[in-house]
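Hi,

Here is the structure I said I would pass on. Have a look at it first, and then read my notes below.

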Amino acid sequence: MGLDPALPALNRTVLGPGPFVLLGVPGLEALHTWLSVPVCLLYVAAVTGNGLLLGLVAADETLRAPMYQLLGLLAAADLVLATSTVPKALAVLWGLSREISFAACLAQLFVTHVTFIAESSVLLAMAVDRYVAICQPLRYGALLTQRVVAIVAVAAVARGAYVMVPPVALLQRLPYCGQRELPHTYCEHMGVARLACGDTRPNVWYGLATTLLSPALDLGLIAASYALILRAVFRLPSHGARCKALGTCGAHASVIALFYTPALFSFLAHRFGRRTVPRHIHILLANLYVVVPPALNPVVYGVRTQQIAQRLRRWLGLFWARAVRDVGPEKASRGTD
């Protein structure tokens with residue numbers, strides 16, 4: 001009995017394709033090593049800053065207010081977002097490992113997009129927190145409690161998971177006919193869908209709908225919150241207080257713009273700008289939103305917050321004093337030897 005020639009294609013469809021090959025930044029292969037330097041430095045800054053901030057919020061009992069707990073959620077999301085993408089991107093840019101299995105690719109894009117949506121939800125919650133604190137200060141303690149923060153955390157992750165389960169299922173159902181080269185440094189939903197040889201229109205339209213109904217909607221609500229905050233700020237009688245509040249809002253707006261603009265551009269370019277947007281620009285911007293905001297958020301939202309800055313200086317002072325105390329006896333023992 002002869003083998004059915006359709007079996008290999010059936011196996012590829014059911015089991016998924018072979019490993020993909022991540023190409024990095026097309027057209028800039030000669031600059032991969034140089035591009036990896038700022039990516040690596042920003043990743044180290046993101047891991048260090050968010051790790052310190054998360055540890056500080058978790059360990060210090062004086063930082064139990066909802067505002068600080070929301071900062072802890074943001075730090076956790078930043079750590080996951082950067083760590084789910086940057087290590088593999090660096091391996092690709094350094095030429096160490098460019099292959100990624102189909103299952104690992106789906107897992108990476110699922111975690112990356114879920115974390116992005118969750119972080120977007122946390123940023124929206126933080127904008128609402130600031131609005132209530134400034135515009136409704138008498139109701140702040142009643143409206144924003146630790147229970148509300150816990151609900152925000154669960155809802156943010158659940159929202160991201162519910163949004164991303166359907167596209168992962170759609171990717172698993174698509175037939176793949178041998179195209180393995182993925183022009184990117186990590187796996188994205190539409191980047192993987194473009195490798196399929198079947199109808200990807202459900203992926204395109206579902207991705208567009210979720211882009212408009214999750215990050216784009218969040219961005220609009222965040223902008224509305226800050227507009228109301230600015231209206232309240234301009235009514236403050238003190239010029240110094242107005243300048244301080246405007247400086248804080250400006251810093252927040254800058255980081256929010258760096259988070260949403262490249263991400264929305266990347267999502268929409270996959271669907272409408274394939275022929276007009278240079279591929280290397282698209283890939284560079286897609287890497288921007290997974291590493292730059294995580295590196296800046298601990299500074300903009302954490303160090304600029306007075307109580308966190310004081311606790312951080314205290315922690316570092318204690319660490320330095322302990323290090324000096326431990327080094328002193330060691331030097332003395334070496335002198336006697």
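Starting with the record: the unreviewed UniProt entry places the feature "transmembrane region" at residues 35-58, 70-94, 100-127, 148-165, 212-234, 246-269 and 281-303. Keep in mind that what you have is a predicted model. I looked at two of those spans in it. Residues 35-58 are 100% helix and 0% strand, with their end C-alpha atoms 34 Å apart. For residues 100-127 the figures are 93% helix and 4% strand, and the end C-alpha atoms lie 38 Å apart.

As for the chain overall, I get 13 helices and 3 strands. It has 337 residues, of which 43% count as buried. If you take the contacts between residues at least 6 apart in sequence, 80% of them join residues at least 24 apart.

On to the inside. The largest nonpolar core has 66 residues, and the members that touch the most others are Tyr176, Val192 and Tyr301. Helix H5 (residues 102-135) gives this core its largest share, 14 residues. What does Val192 contact, once its neighbours within four places in sequence are left aside? The list is Phe20, Cys105, Leu109, Leu171, Tyr176, Leu182 and Cys187. There is also a second, separate core of 7 residues, with Val39, Ala82, Val86 and Leu90 among them.

Now the outside. Leu31, Trp34, Val37 and Leu41 make a nonpolar surface patch of about 450 Å². Leu41 belongs to helix H2 (residues 32-59). Its relative accessible area is 56%, so Leu41 counts as exposed, the cut-off being over 50%.

Setting aside neighbours within four places in sequence, Trp315 is in contact with Gly55, Leu56 and Ala59. The C-alpha atoms of Trp315 and Leu52 are separated by 9.9 Å, although the two residues are 263 apart along the chain.

Last, the charged pairs. Side chains of opposite charge can pair when their charged atoms come close. The whole structure has 4 salt bridges, and these are the ones I went through:

- Arg159 and Asp218: the closest N and O atoms are 2.8 Å apart. This pair links distant parts of the chain, with Arg159 in helix H7 (residues 146-173) and Asp218 in helix H10 (residues 215-233), 59 residues apart. Arg159 is partly exposed at 23% relative accessibility, whereas Asp218 is buried at 2%.
- Arg130 and Asp129: their side chains meet at 2.8 Å, N to O. Arg130 is partly exposed, with a relative accessible area of 23%, while Asp129 counts as buried at 2%.
- Arg201 and Asp199: here the closest N and O atoms are 3.1 Å apart. Arg201 is exposed at 55% relative accessibility, and Asp199 is partly exposed at 43%.

Which of these aspartates fall under the 20% cut-off for buried? Asp129 and Asp218 do, because each has a relative accessible area of 2%.

Cheers

Note on methods. Residues are numbered from 1 along each chain as its sequence is written. This is a predicted model: local features need pLDDT of at least 70, side-chain atom pairs count only at pLDDT 80 or more; totals for chains, interfaces and linings use all residues. Side-chain values use heavy atoms; hydrogens and water are left out. A nonpolar core is a set of buried Ala, Val, Leu, Ile, Met, Phe, Trp, Tyr and Cys residues joined through side-chain atoms within 4.5 Å. Buried means under 20% relative accessible area, exposed over 50%, partly exposed in between (1.4 Å probe, protein chains only). Helices (H or I, at least four residues) and strands (E, at least two) are DSSP runs, numbered from the N terminus. Contact means heavy atoms within 4.5 Å. Patches are made of residues with over 30% relative accessible area and no salt bridge: like charges are joined within 9 Å, nonpolar side chains (Val, Leu, Ile, Met, Phe, Trp, Tyr) within 5 Å. Accessible areas come from the Shrake-Rupley method with a 1.4 Å probe; for residues, only the protein chains shown count as cover. UniProt positions are given in the numbering used here, feature names are shortened, and annotations may be inferred rather than shown by experiment.
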